Amino acid sequence: MTAPAPAFNPGSPEFLEDPYPFYKMGQAIGPIWVEQPGIWLAFGYDEITAILKDHATWSSGGGAMDAIPEDAPPPGMLFSDPPRHTRLRSLVSQAFTPRMIEQLEPRIAAIADELVSAMAQKSACDLVEELAYPLPVIVIAEILGVPAEDRAMFKKWSDEVVSTLGGGFDGQAGQVPDATFEAMREYFTRMADARRAEPRADLISGLVRAEIDGARLSFDELLQMLVLLLVAGNETTTNLIGNAVLALMEHPDQLHRIYNDPSLLPSAIEEVLRFSSPVQATARVAMRDTEVSGRTVRAGQQAVTWLAAANRDARAFPDPDTFDVGRAPNRHLAFGLGIHFCLGAPLARMEARIALGAFLAHIQRFRRADDGPLPRVPTFIMRGVRSLPITYRGR
Ligand code: HEM
């Protein structure tokens with residue numbers, strides 16, 4: 001039986017403000033159903049898990065490799081399937097290692113402390129502007145090896161790259177304006193050449209050095225990887241930090257649990273990821289006819305997998321709409337699953353933990369400066385606020 005399509009409009013302001021009633025509505029219709037010819041919407045935890053795990057059936061590129069004109073650049077890692085994906089992921093993983101992330105901890109703590117100390121001198125600020133936004137940009141600039149004097153320019157590029165994130169699923173993330181792309185290209189060409197000649201302990205050195213079976217990243221692949229790291233890493237981590245502070249203000253009982261037991265901080269961050277997922281959805285294309293929950297999906301059809309809906313699926317999480325900073329187990333899908341599982345998850349978790357820890361240590365009695373609706377990140381793929389004015393007492 002085909003259910004009638006309801007008014008499921010992810011582009012509406014109501015959806016951006018609060019998508020969760022829409023997900024409930026979607027789940028009430030079924031864990032997966034057709035929205036319009038050829039496009040399936042998946043809301044169930046088990047269904048989405050099955051789709052994301054089965055990358056042989058469900059393509060991230062939609063077979064795009066075959067359709068791409070010869071002169072167009074090949075898709076980046078996020079939109080590639082094996083074997084191309086395997087190669088790109090292995091190369092970048094050689095440089096972007098858990099050990100490299102771990103070693104960043106003291107430096108991230110110093111940056112967070114500096115940002116929060118500046119906030120503590122005042123009694124009101126925009127949390128996004130002062131902490132959630134600058135922290136990930138500074139960190140990724142340092143990871144890449146961009147010197148401090150170039151940071152303002154790098155931040156401008158990063159903003160432009162992030163602002164190209166559209167509201168749809170069909171485009172490649174980040175169709176960067178030509179002039180910006182050229183400027184980045186020139187800058188990183190120089191940097192890559194310099195690191196080739198004289199490697200340092202930064203990610204660009206690692207990326208130019210990484211090789212598999214004698215093959216390295218081509219320069220275009222390197223550049224594409226840098227753009228992906230900016231798009232995938234900055235806005236998402238900003239939104240995680242903003243969503244965390246917002247959730248704690250909206251659930252003072254949970255904030256007190258953390259004050260009483262700071263060891264809850266890591267699990268509180270997992271709960272923010274589940275409850276208010278910075279990436280709400282991703283998409284796949286079926287490469288052959290297949291079945292999901294008894295429904296037949298035809299080759300070439302698309303499935304939008306609503307990660308944020310899966311994270312509120314009552315079949316997977318008891319009391320899914322309760323924000324519980326001690327929730328365990330908490331196997332949310334906020335970072336995806338399978339071969340495309342977020343490469344930056346350890347970094348994002350560490351940044352959020354350090355940022356929130358510094359914030360809670362220095363900022364007391366924080367509350368929203370006003371009760372009005374907050375400016376939302378204007379795409380349903382992401383959940384976050386563009387600004388979060390707060391008042392507080394610094395210490
Ligand atoms: C809270 C922060 C973040 C969230 C919620 C998040 C979420 C995700 C999700 C859901 C995917 C999988 C998409 C799919 O399967 O289609 C993904 C992939 C990816 N993420 Fe993240 N991400 C975050 C932070 C970061 C950071 C900090 C970086 C790096 C600096 C990063 C780099 C990547 C990359 C490179 C991929 C592609 C992996 C692949 O295709 O194999 N992410 N992320």
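Biologist: What should I know before reading the values?
Modeller: The model is predicted, with local features needing pLDDT of at least 70 and side-chain atom pairs pLDDT 80 or more, while totals for chains, interfaces and linings use all residues. Residues are numbered from 1 along each chain as its sequence is written, and side-chain values use heavy atoms, with hydrogens and water left out.

Biologist: How many aromatic pairs are there?
Modeller: The count is 19 aromatic pairs. Rings of Phe, Tyr and Trp (its six-membered ring) pair if their centres lie within 6.5 Å; planes under 30 degrees apart are stacked, over 60 edge-to-face, and the rest tilted.

Biologist: Why is the pair of Phe15 and Trp306 tilted?
Modeller: The planes of Phe15 and Trp306 are at 55°, so the pair is tilted, with ring centres 5.7 Å apart.

Biologist: And where do those two sit in the chain?
Modeller: Phe15 is in helix α1 (residues 13-17) and Trp306 in the loop between β10 (302-305) and α16 (307-310), 291 residues apart. Helices (H or I, at least four residues) and strands (E, at least two) are DSSP runs, numbered from the N terminus.

Biologist: Buried or exposed, Phe15 and Trp306?
Modeller: Phe15 and Trp306 are both buried. Buried means under 20% relative accessible area, exposed over 50%, and partly exposed in between (1.4 Å probe, protein chains only).

Biologist: Which aromatic cluster holds Phe15 and Trp306?
Modeller: One that also includes Phe8, Tyr20 and Trp33.

Biologist: What sits over the ring of Tyr20?
Modeller: The charged end of Arg312, 3.6 Å from the ring centre. The rule asks for NZ of Lys or CZ of Arg within 6 Å of the ring centre and within 35 degrees of the ring normal. Arg274 likewise has its charged end over the ring of Phe317, 5.3 Å from the centre.

Biologist: Switching to β10. Which strands pair with β10?
Modeller: Strand β2 (residues 39-42) pairs with β10 in the parallel sense over four bridges, and β7 (residues 282-286) in the antiparallel sense, also over four bridges. Pairing takes at least two bridges found by DSSP between two strands.

Biologist: Which way do the β10 residues point?
Modeller: Gln302 and Val304 point one way, Ala303 and Thr305 the other, and all are buried. Ala303 has Trp40 opposite, and Gln302 is the bridge partner of Val285.

Biologist: Last one: what holds the iron atom of the ligand?
Modeller: Its single donor from the protein is Cys342 (SG), 2.3 Å away. Donors are N, O and S atoms within 2.8 Å of the metal (3.2 Å for Na, K and Ca); water is not among the atoms, so sites may look incomplete. Cys342 is in the loop between α16 and α17 (345-362).
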